Structures are given as C-alpha cells and as structure tokens.
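This report looks at a ligand and its surroundings, then at one helix and a few single residues. Please have the sequence and the 3D view open while reading.

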Amino acid sequence: MISTDGRKISGKQTLGAVVITGASSGIGEASAICLDKLGYQVFAGIRKNTDGEQLRRKTSARLTPLLLDVTDEASIIAAASTVSAALNTVGLVGLVNNAGITVAGPLEFLPVADLRKQLEVNVIGQIAVTQAFLPLLRNAQGRVINIGSDLGKISTPLRGPYCASKFALEALTDALRMELRPWSIEVCMIQPGIITTPIWDKSIALSEDIWSKLPPQAHNLYSSALSATIHAVSKLRKNGSSAEVVAKAVVQALSAKKPKSRYVVGLDAQINIWLSKILPTRLLDKLILQYFGLPENPL
Ligand SMILES: NC(=O)c1ccc[n+]([C@@H]2O[C@H](COP(=O)([O-])OP(=O)(O)OC[C@H]3O[C@@H](n4cnc5c(N)ncnc54)[C@H](OP(=O)(O)O)[C@@H]3O)[C@@H](O)[C@H]2O)c1
C-alpha cells in the first residue's frame, strides 16, 4: 500500500489513528472508507452494532467500529477509553467531528426541545467529543477536523436551527484553533455545500414529525412556505456532490503539511459563502426568499 506522501506502508504500519463520529452513512462513512484505504487506522463512530458490521464489510480489518453517541456522556467516555487502550501511548492523528442531524421548522412555533436536540448533536456533542479525545490528540500532535457547512455562513428560512448549529460550530472552531495553537494542534473546518447523503430523507422525516406537533395556527401561517421550501430543497439536492468529494477534503485537512483553516467543498458552497460576504443583508434576504419561492410580505 502507498501512503498519501508516497511512502510504502507495510501490513502492520499505519498512517496513524483517526476517530470519525457518525460513520454509519454519508460523509462519515465515505471518510472512514477513504482513510482506511489510504492506510489510516480508523475508529469509526456508530450507534448501532449492525452499522459497524456493515462498514467492516467495506473496509480492511484495521477499521474498528466504535459505539459513540455524541449526546451521551457515558458513551463518549467509554469510546475515548476504548481508543486509548487500543492505542496505548501512541495517540491520535485526527478527530473528525462529523455526526450531525437537521432540524427544520418555523422558529415562531418550533418546540424548544427540538432546537435543543439540534444544538446538542451538532454543537455541544462536537465539543464534548473533542474534550474527551484531546489528550490522545496531544500525544500525536493530531488534528481536529469539524464538518461544518456553507449554512454556517448563510442562514435560510425554516432551516434556522440547523444554520444556527453550523454558525456556532464556526465560532467554536475558530476559538479552538487559536486556543490549541501553542501545542501545534491544528483545527480545520470543512464547509460542504449540497452533498447527496441520507441526511436529506432523515431531515424530511424529522420535519414531518415536528410539523405534526405544531398547532393549527402554525399550519395556517407557514404551510405554504414549508411546501415551497420542500419543493426548492428537493430540486437542490438532485445536484449534490458525492460524499467522497468531502472525504477527499478530510484527507487534505488531515495530511497537508500546512492545513488550511477552511476547506470549501462544491461550487454551490463557494458561491453561497462568497454571496454572504459581499451582499448587503436585505439584498441577500430578498435573493434567498425568491430562490425558495417564499413570500416577502406578510401573508
Ligand atoms: N449532506 C449534506 O448536504 C451536508 C452538507 C453540509 C454539511 N453536512 C454535514 O455533514 C455531516 C454528516 O452528514 P451526512 O450528510 O453525511 O448525513 P448522514 O448520512 O445522515 O450522517 C449523519 C451521521 O451522524 C450520525 N449521528 C446522528 N446523531 C448522532 C448522535 N447523537 N451521535 C452520534 N452520531 C450521530 C448518524 O448516525 P445514525 O445513522 O446512527 O443516525 C450518521 O452516521 C453533518 O454534520 C452534516 O451537517 C452535510
């Protein structure tokens, strides 16, 4: 096997150990498979043993499924001690904070418990996991790679909870990058645009559940906006990039001599982030509302 920098890797040698959260599907799964192929020792975070077994069928025996729910403190502690025991004093070269969910709905009526759940998984969970694995990252001067989104720079209606989580992750990533600088522990953010993964169908299922809990007034006020958004999003997702494209960015962030602080993935993400920087807020609002076919004036 040949490593990313051209070195030959023998059977027992690896490029170092990496933990990836949320590796049961989509970007996490693609990253786990890609890093395993390159010769990393991957600890792949999953929540169901069956997902670990499925992943193992697609990888070398080097990959270890790791039960890890990022919202469950006991699960995080157990996962960190499993990895620590397996690595002894060697340490981790990377932690990929990838696990995520999408909560959507009108902020006026969104049950606060659902907003909490969104932030618990996509924000608090990322930091809780990072705290648990930092001692191991220190041992190998490893890197933290957070999977953000272009929606960490541009917010859209009815997806406020998700956008808030990715905006928050941007801030935490910047703070962490500066805090860990004295120890040369790099912290990078990956900002994908639309990627074809199961998250879209899961998001629709979650939204339907939230929607069913909302009062009739919410339905009267927001159902046409919801239908327009679902229609626009279902068109958007057809042009998504593959999860493997994001996996490549993860590899770059992990293996580059001098990693970038941000890796934007996809032309759509590049355009959205650029627009968020150059357009006045009101004009950006107008464009987004038009794009999603949403009313600009009160109903
Ligand atoms: N797809 C896109 O268009 C896109 C764009 C930008 C950014 N992203 C980000 O990319 C990341 C991966 O998303 P994806 O698109 O690959 O979606 P996905 O296929 O749905 O993967 C999400 C992963 O997160 C896991 N997860 C959910 N809740 C968890 C929890 N409490 N603890 C541990 N793991 C949990 C899921 O595990 P289970 O199978 O057990 O639920 C799954 O493995 C997310 O952070 C997402 O926000 C996605």
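A polar backbone atom of V70 is 2.9 Å from a nitrogen atom of the ligand. The structure is a predicted model, in which local features need pLDDT of at least 70 and side-chain atom pairs count only at pLDDT 80 or more, while totals for chains, interfaces and linings use all residues. Residues are numbered from 1 along each chain as its sequence is written, and side-chain values use heavy atoms, with hydrogens and water left out.

**The ligand**

| Residue (backbone atom) | Ligand atom | Distance |
|---|---|---|
| I27 (N or O) | oxygen | 2.7 Å |
| V70 (polar atom) | nitrogen | 2.9 Å |
| G100 (N or O) | oxygen | 3.3 Å |

On its own the ligand has 900 Å² of accessible area, and the protein covers 94% of this; such areas come from the Shrake-Rupley method with a 1.4 Å probe. The ligand is surrounded by 30 residues, the closest being S24, S25, Y162, T197 and K202. Helices α1, α5 (160–179) and α6 (199–213) each supply at least two of the shell residues, and the largest share, three residues, comes from α6. Helices here are DSSP runs (H or I) of at least four residues, and strands (E) of at least two, numbered from the N terminus.

**Helix α2**

In helix α2 (residues 49–56), D51, G52 and L55 are buried, that is, under 20% relative accessible area (1.4 Å probe, protein chains only). They lie on the same side of α2 because they cover an arc of only 100° around the axis, judged by the directions from the helix axis to the C-beta atoms. An α-helix has 3.6 residues a turn, so residues three or four places apart point the same way. The buried residues of α2 pack against α1 (26–38), β2 (41–46) and β3 (64–67).

**Single residues**

Q126 is found in helix α4 (residues 112–139). Is Q126 buried or exposed? Q126 is buried, with a relative accessible area of 2%. Its side chain reaches the backbone oxygen of A99 at 3.1 Å. Leaving aside neighbours within four places in sequence, Q126 is in contact (heavy atoms within 4.5 Å) with N97, N98, A99, V121 and L169.

Q141, in the loop between α4 and β5 (143–147), is not a glycine, yet has a positive phi of about 45°.

How values were computed:
Buried means under 20% relative accessible area, exposed over 50%, partly exposed in between (1.4 Å probe, protein chains only). A residue is near a molecule or strand if one of its heavy atoms lies within 4 Å of it. A polar contact is a pair of N or O atoms within 3.5 Å; within protein, one must be able to donate a hydrogen and the other to accept it, and residues adjacent in sequence count only if both atoms are side-chain atoms.
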